[in-house]
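Student: Could we go through this model together, one question at a time? I would like to see how each answer is reached.

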Amino acid sequence: MASTTEIYEQDTTEFEIEGAFDTDKLVHLILLMCASLATIVVFFIIFLLFQNAGNFFRKVPLEEFLFDDHWLPTDEEEPQFGAYNIIAGTLLVAFGAMVIAVPLGILTAIFIAEIAPPKISKFLKASVELLSGVPSVVFGFFGLIILNKYIKEVLGAPSGATWLSGSIILAIMALPTIVTVAEDAISSVPMHYREASLAMGATRWQTISKVILPGAISGITAAVILGLGRAIGETMAVLMVTGNNNVFPDPITDIFSPLRTITGTIGIEMGEVPANSLHYRALFALAIVLFLITFIINLTANFIISRFNKKLRGELKSKSRNQILIPEIIKENKKTITYLILSILFGWLLTNIFDIINAVIISLILIGIILVLRIISPFKLEEYKFLIYFYMLFTLLAWVFSTWFDWETAILMCLALAGFIFILKILNPINQQRVVFSIISIAAFISVLSLSIIIYYIVSNGLPAITWEFLTEDSEDSGRAGGIFPMIVGTLWLTVGAIIYAVPIGVAAGIYLSEYAKEGPITKIIRTGIDNLNGTPSIVFGLFGLAFFVLYLDFGISMIAGQLTLALMILPTIIRTTEESVKSIPQSFREGSLALGSTKWQSISKVVLPAAMPGITTGMILGMGRASGETAPILFTAAVFKQKSLPRYVIQPVMALTYHLFVLATSIPDSDTQAAGTALVLLVLVMIMYSFAIYVRNSYQKKKNW
Amino acid sequence: MNLKVKTKLVKEISESQNADIEKIKAGNDIIIECKNLNLWYDDNHALKDINMIVKKNKVTAIIGPSGCGKSTLIRSFNRMNDVIEGCKTEGTVEFRGRNIYGNRISAMKIRKYIGMIFQKPNPFPMSIYDNILYGPKIHRMRDKKKLETILKNSLEMAVLWDEVKDRLKDSALGLSGGQQQRLCIARTLAIEPEVILMDEPTSSLDPIATAKIEELINDLKEKYTVIIVTHNMQQAARISDYTAFMYLGELIEFGETEQIFENPQERLTENYITGRFG
Ligand SMILES: Nc1ncnc2c1ncn2[C@@H]1O[C@H](COP(=O)(O)OP(=O)(O)OP(=O)(O)O)[C@@H](O)[C@H]1O
Ligand SMILES: [Mg+2]
């Protein structure tokens, strides 16, 4: 009898690899290529921006461009390209927005995460998310028609188009970003911190302020930075409400001054310049400045977020050598740096009020007083530091107020504020919590209210315009009559096209990042690329689309150019949601499949992807919502205001809801009702997509029981 | 017993080991044999010079304290460790006399012959029907009639048919824990493996579900070879024919279950079995 071993030995060829072809390797390669695309696009955008700016900087010196304030690009004799006011305007309007949005956003986030009862909290979270989808042109429309009128008539500004209205609108737009990210950071502080603190008899507010907020601080910082990025990169709303005057507010606190921003300038002027003229190049140069600003903002935000996540996972060793030094330095000298910044501000304020010499003398006297105090006082200077901060801060504040009201009122207001803070400090913990919680609740209420007012206005003004004809007919009389059927169709075409191009690549890239990428330099570069693509302002995409699809590839102003531009813009959203939902599929599914003899790709395509499908769908719908609400990317690539027929080929231009609304609101008088109707249709369209996405995600989270 | 003494004991064992294996080898119905198997997770030497055999149509149990490398060992029998980054294997594991870590061997195909059941039941989030036929389908079986037969046979074999025959299209995630684990067994049976590896298959189940699975393992012996990792010594004693005791990455003692439990040759084994450490 032959031994079993011998029999077996004859047929072990069945364990062998067949042929040289390995599907898994091929799949790996294809996915890697898709993932790299996002990074390549970022480099390509940078390259094209510089290429199209071309010899601009040789003709116009950089100092003139950055520090001169004469922007006269169309002057026939001697065009001038001083962008100082424009760059300053961009920063000022974003700064103003942050002054409003940061406190409101953070307080709202605290409210949602820590204070509101679960049901309300859930509702608020969903609404804020939903509102992040409101198209910027709808905000712009509201600002132009309502807010500006209010500012002019009630606050008595000479014109409604002001820095203030730009900042308010931007603040409302940045709110959802800030609230969502900050709320995430706060909620992810582990529960046991809370319990430990409460168990020691701390009030909830003490727990929040002493334990939770410090724990979430880097996440909250990231929220603020991302909000800032959004505000700086925003185009349509700013363009519509700020007046676009090339002036610098005088005094610098004059919030009723009109402003001009980089995005607004590009948005207005790019449509009218001949390609490759000096003016055209100047606009690309502006775009480079914008891109650099947002690039730095994105890098900072991502750096902070990744550190925060590492800290949460406990991966961050307290003093590892690999850490970049700068943040450590900042952390260690936080007080000194605050002190320094405050002193500089204070000094600058003094020079504003007095002339330089007096300012220096006053500063010297102040320093002298501090020194004397330090020497003769029985207390250490440390104990005064707080007071000194406060003193400086309130002087600054008093000065700002004084430019708005008279001196007496300003000082009274500051004193009242200081008194309030003082009283709050000496209240007993329970009452303190009461007061603080009411403030937080009011802030949350204001956030929600401001967003609801806009929605309410659009709905109540838009509804009368909605008729069957409005939805099914073409416009007449430059949009003053008739309907918006071709625009609806155009928007749908653009959106669907964008999705068709973006989804395969985005999903592939997401799969690559979650299933194949090993942590290393290549993955890092890819991730950085995607993050930056995500934060790139939509107008920059518009310029890219113009330079590459419209001009270089010679598609002309066409549907396909718009679709491709939009596709690039929503690519990061799709990549991210795919990556996240694929990552959330438990490893045991993959092992179960592999243990049955499947290849890696089989286990991904047959088990992991179907399970991750709801998540991927969510990303897809969010991408659609975003694509259908954007104006800036199609401004120079695809959209026209009037066209004889529906586009039949992808190389024809299209009409779109966003662009139609933009033109109606800014250039066609007496079209308010039609505009509001268009805004309503656009809003409903986007909201449907967003709520569908949120619904899919939530019901999937509820259902998932592995 | 302190750690130093334990490690010293571990060192003395290797010589007597080979003798045991020779004795068991006599029957020449060996299906898996590992020789000088070493495995590292980065710098962690998780398996140290393992020599062991598995006999056809028998149940082999692997016991030992937590972290001693049981899962690692069983996973190296069908190359499931390949998936783990930084994992390095040396030595050989022969399946039917062929080294599965050798040249030109496809891990996918090995896993078709050596299936695996995991600690936590892991049915795929699809219907019971799709779960069972997942394996046959990825192995390119398309004949409808054959698929139906496989479905019924494997579910019957796993003693699940009667419980699920009316709800084959329902999601497998709706089953109870014990049912899910039997479903996973049926899913593995559907690809008709020769060896079934089980890594603590009952540790997340209640006593009744556990008893059912144990009974099932006993039935499986007729057609399959079973290797089972367990923390539960009574379970090992009840269901296995051979037992391997591992400690700190080494195979301390390997022999017939009766002998291991009634007359262990090594002090460490005895201490572990009598519950003096664990
Ligand atoms: N994926 C992995 N990466 C790195 N080290 C691992 C990995 N899996 C296991 N180890 C290490 O290998 C050693 C053996 O682990 P293994 O899981 O095989 O033990 P075990 O005997 O199955 O334990 P338990 O009874 O707890 O399941 C342990 O030291 C463990 O930390
Ligand atoms: Mg284990």
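Student: Which residue in strand 5 of chain B does B:Glu94 stand opposite?
Tutor: Happy to start there, keeping in mind that this is a predicted model. Strand 4 of chain B covers residues 87–95 and pairs with strand 5 in the antiparallel sense, over 2 bridges. Across that pairing, the residue in strand 5 of chain B that stands opposite B:Glu94 is B:Asn99.

Student: In what order do the 4 strands of that open sheet in chain B run, and which strands stand at its edges?
Tutor: The sheet is open with antiparallel pairing, and its order is 2-1-4-5. Each edge strand has a single partner strand, so one side of each is left without a neighbour in the sheet. In chain B, those edge strands are strand 2 (44–55) and strand 5 (98–99).

Student: Is B:Lys55 buried or exposed, and which side chain joins it in a polar contact?
Tutor: B:Lys55 lies in strand 2 of chain B. Its relative accessible area is 8%, and buried means under 20%, so B:Lys55 counts as buried. Its side chain takes part in a polar contact of 3.3 Å, and the partner is the side chain of B:Asp29.

Student: How does the span of helix 5 of chain B compare with the one expected?
Tutor: Helix 5 of chain B runs over residues 144–157, which is 14 residues. At 1.5 Å a residue, 20 Å is expected. From first C-alpha to last, the helix reaches a span close to that, 20 Å.

Student: Why do the buried residues of helix 5 of chain B lie on the same side?
Tutor: The buried residues are B:Leu147, B:Ile150, B:Leu151, B:Ser154 and B:Leu155. An α-helix has 3.6 residues a turn, so residues three or four places apart point the same way.

Student: Which side chain reaches a backbone nitrogen at the start of helix 5 of chain B, and which residue with positive phi follows the helix?
Tutor: At the start, the backbone nitrogen is that of B:Lys145, and a side-chain oxygen of B:Asp143 comes to within 3.1 Å of it. After the helix comes a residue with a positive phi, near 50°: B:Val159.

Methods. Residues are numbered from 1 along each chain as its sequence is written. Chains are lettered from A and ligands numbered from 1 in the order in which they are written. This is a predicted model: local features need pLDDT of at least 70, side-chain atom pairs count only at pLDDT 80 or more; totals for chains, interfaces and linings use all residues. Side-chain values use heavy atoms; hydrogens and water are left out. Two strands pair if DSSP finds at least two bridges between them. The expected span of a helix is 1.5 Å times one less than its number of residues. Buried means under 20% relative accessible area, exposed over 50%, partly exposed in between (1.4 Å probe, protein chains only). A polar contact is a pair of N or O atoms within 3.5 Å; within protein, one must be able to donate a hydrogen and the other to accept it, and residues adjacent in sequence count only if both atoms are side-chain atoms.
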